[in-house]
Amino acid sequence: KKAKATNTVALSKDQFKDAIVKHLRSTCGTDEARANNQAWWKATCAAVNELVFDRLTETSKANADKDSRAVHYLSLEFLMGRLTVNNMHNVGVFGAARDALADLGKDVNDICDEEPDMALGNGGLGRLAACFIDSLATLNYPAVGYGIHYEHGLFRQEIQGGRQIERPDSWREYGNPWEICRPESIQEVPLYGYVETVFGEDGKMRKVWHAGRQIKGVPWDIPVVGYEAKTVNVLRLWESKAADFFDWDVFNAGGYIDSQSEKSQAEAVSKVLYPNDESEAGKELRLIQQYFFCACSLKDIIRRYKRNHSDFSQFSKQAVIQLNDTHPTVAIPELMRILIDEEGLVWDDAWKICTETFAYTNHTLLPEALEKWAVYLFEKVLPRHLEIIYEINRRFLEDEVEAKWPGNDEMKRHLSIIEEGETRMVRMAYLCVVTCFKTNGVAAMHSELVKEDLFPEFYELWPERFVNVTNGVTPRRWLLACNEQLANMYNETVGTDWPRKLDELKGAAKFADDAKFQKNFMAIKREKKVELADKIEELCGIKVSPDAMFNVLIKRLHEYKRQHLALLHILALYRRLLENPDYDMGPQVFIFGSKAAPGYKLAKDIIYAINKVADKVNNDPRIKDKLKVVFMPNYRVTLAEKLFPAGDVSLQISTAGYEASGTGNMKFALNGALTLGTMDGANVEIREEVGDENIFIFGMDCDEVKALKAAGYNPWDYYYGNPELKAVLDWLETDFFTPGAPGELASIKHSLLEGGDPYLVLADFESFTTQYTAVDVAYRDQKKWAKMAIINSASVGKFNSDRSIEDYVDRIWKLEKVMPN
Ligand code: 26M
């Protein structure tokens, strides 16, 4: 019997069929006989939208009527992926749509494959925002996501001759059926100019910011559909345009060309997502992007607040604003500016509102990722905001720091929001911690490090401000939609409530030893591996066996994530196989997917090295297909949906203390992969949930990393101390992998030796290879493996992003549900 994947039916198959056919004609201007897949997709979306838009309107009405407190999630990134299948599941018409399309001679997967990814994010931080708004809607909490309507999302990656090439991503070139433009809510945003001090009749001093430019923000709303919920919230994304009144004089005076350049400068603001991840660049346009969307969003929040209130006394009761990392920090001085300069509040009242409204999530401890903006840039672009930041800082240092550490100028220098140096800088994270009523880390271990290592003095000042909220992922996308087979098996085993109450999967753990259950579970895993193997052959021309163990490493490329540790390990296995054709190892496939920031040289070299090693290994008849290496191009949400269900081994191998949480680790475990990882981020909590016997931990823990660094880490000791490690590193310098071009892969070796190996790759190498052998042995006992995989999948209910959201609501947001189901 085939269980249904979704549980409520809002439309019958026949109703859905009629709706699609109607929309082919009325929305797409075609008909069943002439429509291509793109038209079929758009007509299908239009049919779904009939339900979505109704609920959207109902939700907005209910929120307005009840004047409910809402969270405003400010994020420069929302990595949404595709929406069609997700929205069909969430409104409960996936089955009806699939069957309707089948009746019409179309395969639902082919049709939904027409949708481009909405890739308005780099990686973990952006995808987390997408999971969170899904959970907020599912739990019926009033929430708005605010971000930028980038014309181009994260670049599309092509691999040419083994190297990454970046191509522009144009996700809405041919229209996006999910977005609605709201011209009635356009906002104006000032920039540049100067600040004038004026004294009023009453003798009071006021500040007037005379902006040098204005641009306008046009809101586009994307509905966020709660799973089997009444709520449809919105993700409001701002597009920049030239202000209407702009330079019509110049235009009319024959300055058509000049006015066009003003127009293109205004439009540049929302043109493209910055493709950096964990590193900041300090570019003026990026600061303008940050201010642009914060200013638009605050105006929008205040406009809505003013519908029901005549003063600001209730503001912080009605609105909480969550800052997704420091990227939207400029919202703090902007709200101060609005309250003081425009609304006439005094400093203390405005400050109180800010300190009760903003909360901040920290996503990284990496020093190079902590945002700092040059004071001179601020002064140029946002002169009034700089003044406000100075005043916030002055009061903080003279009142709070002075009270706690009297007369300690060194401490004042150390904690100042302004870093004094050759170029004076604004420390955005300090501004957040000084203002926000809560600062949270994203996994238990990370939140401890935020207190102890990142902000120890601030923690001493305000211990109650620091909290943890462990990340999570939405089980709707990351199990229900991407792994229909496993979803159906769980429906039959534990019932159909698990997509909301993921803890219910625990009910399947009692079958972990059951031979039949194991067989079915492993058959599903194999089916997903076959699907992936087909995709690999199609995209990479590499044949891999679904009977091999699939080791998967998918995430942004960064030294701290240590993709090159996996590569050194592959070289070691390759060498062992060459030296001993009978080397005892089951067949292995290593699958990588990763984008490098375009300016990150070593990251790009690592991609090149993976591809060159892959070429050699995959075509070496001596190792008889015992080892395959695959680099899948253009890793993105849609590819991830095929990779997570097919992984046997989830590689989570960052240096302990550097990966704040990780969320891919959760998606793998949920789909029955076993983690081979370090004691880092949420791996620590996954281990707690699945048990030490069902996870493979290797390498130094966070304290050992700190101790080794303190003692003076010398990578050469490991190089000379481990002949296999020396051999694989030396191998990279030869022309073995790059015939005729020795040295092409040498930068990796150099970064690990002369470069000092900042992430201790060499120190963890031996432990990794040893633990890998244990994984290989475990995998070859398929009954034991099945048991461990089932326990993993059944035990990770904690990592439901609904739980994360309930934690945010409890500890920070204090919301109430508005549209109870
Ligand atoms: C900075 C400057 C200019 C342009 C872009 C950036 C930038 C963009 C994204 C900096 C950092 C960005 O993301 C950091 C990130 O994704 N952190 C990850 O957050 C996840 C969700 O909390 C965690 O699971 C990961 O461990 C953490 O690395």
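## Ile288 and its surroundings

Leaving aside residues up to four places away in sequence, Ile288 is in contact with Leu191, Val269 and Val381. The model is a predicted one. Ile288 belongs to helix α9, which covers residues 284-306.

Ile288 counts as buried because it has 23 C-beta neighbours inside 10 Å, and the cut-off for a buried residue is 20 or more. Gly472 is 184 residues from Ile288 along the chain, and the C-alpha atoms of the two are separated by 31 Å.

## Domains and their contact

Two domains are assigned: domain 1 consists of 67-82 + 117-436, and domain 2 of 475-494 + 515-805. Between their C-alpha centres the distance is 36 Å. Domain 1 gives 36 residues to the contact and domain 2 gives 27 residues.

On the side of domain 1 that touches domain 2, the elements with two or more residues are β2 (78-81), α6 (124-138), β5 (156-160) and β6 (163-167). Helix α6 supplies the largest share of that side, 9 residues. By class, this side of domain 1 holds 13 nonpolar, 13 polar and 10 charged residues.

Strands β9 (residues 194-199) and β10 (residues 205-210) pair in the antiparallel sense, with 6 bridges. Tyr194 has His210 in β10 as its bridge partner. The two strands make a hairpin with 5 residues between them, and in the turn Gly203 has a positive phi of about 85°.

How many of the 6 residues of β9 are buried? The count is 0, and the strand is hardly covered.

## The sheet β15-β17-β16

An open sheet of 3 strands runs in the order β15-β17-β16, with antiparallel pairing. Its edge strands, β15 (372-374) and β16 (418-419), each pair on one side only. Between β15 and β17 (residues 425-427) there are 3 bridges in the antiparallel sense. Ala374 is bridged to Met425 in β17.

Helix α16 (residues 428-435) packs on this sheet and touches β15 and β17. The direction of α16 makes about 40° with that of β17.

## The six-stranded parallel sheet

A further open sheet has 6 strands in the order β22-β21-β20-β23-β24-β25, and its pairing is parallel. The strands at the edges are β22 (627-631) and β25 (696-697), each of which pairs on one side only.

Leu676 has Phe696 of β25 as its bridge partner.

## Helices α21 and α32

The axes of helix α21 (residues 515-540) and helix α32 (residues 782-795) come within 10 Å of each other and cross at roughly 80°. Helix α21 is therefore roughly perpendicular to α32, a class that takes in angles of 65 to 115 degrees.

Which residues of α21 meet α32? They are Gln518, Phe521 and Met522, and their counterparts in α32 are Gln782, Lys783, Ala786, Lys787, Ala789 and Ile790. The contact of α21 with α32 has 5 nonpolar, 2 polar and 2 charged residues.

Definitions and conventions:
Residues numbered from 1 in each chain as written. Predicted model: local features only at pLDDT ≥ 70, side-chain atom pairs only at ≥ 80, totals over all residues. Domains from an automatic or database assignment. Contact = placed C-beta atoms within 7 Å. Helix = DSSP H or I, 4+ residues; strand = E, 2+ residues; numbered from the N terminus. Nonpolar A, V, L, I, M, F, W, Y, C, P; charged D, E, K, R; others polar. Buried ≥ 20, exposed ≤ 12 C-beta atoms within 10 Å, placed from the backbone. Axes fitted to C-alpha atoms, helices over the stretch in contact; angles between N-to-C directions. Parallel < 35°, antiparallel > 145°, perpendicular 65-115°, else oblique. Pairing = 2+ DSSP bridges.
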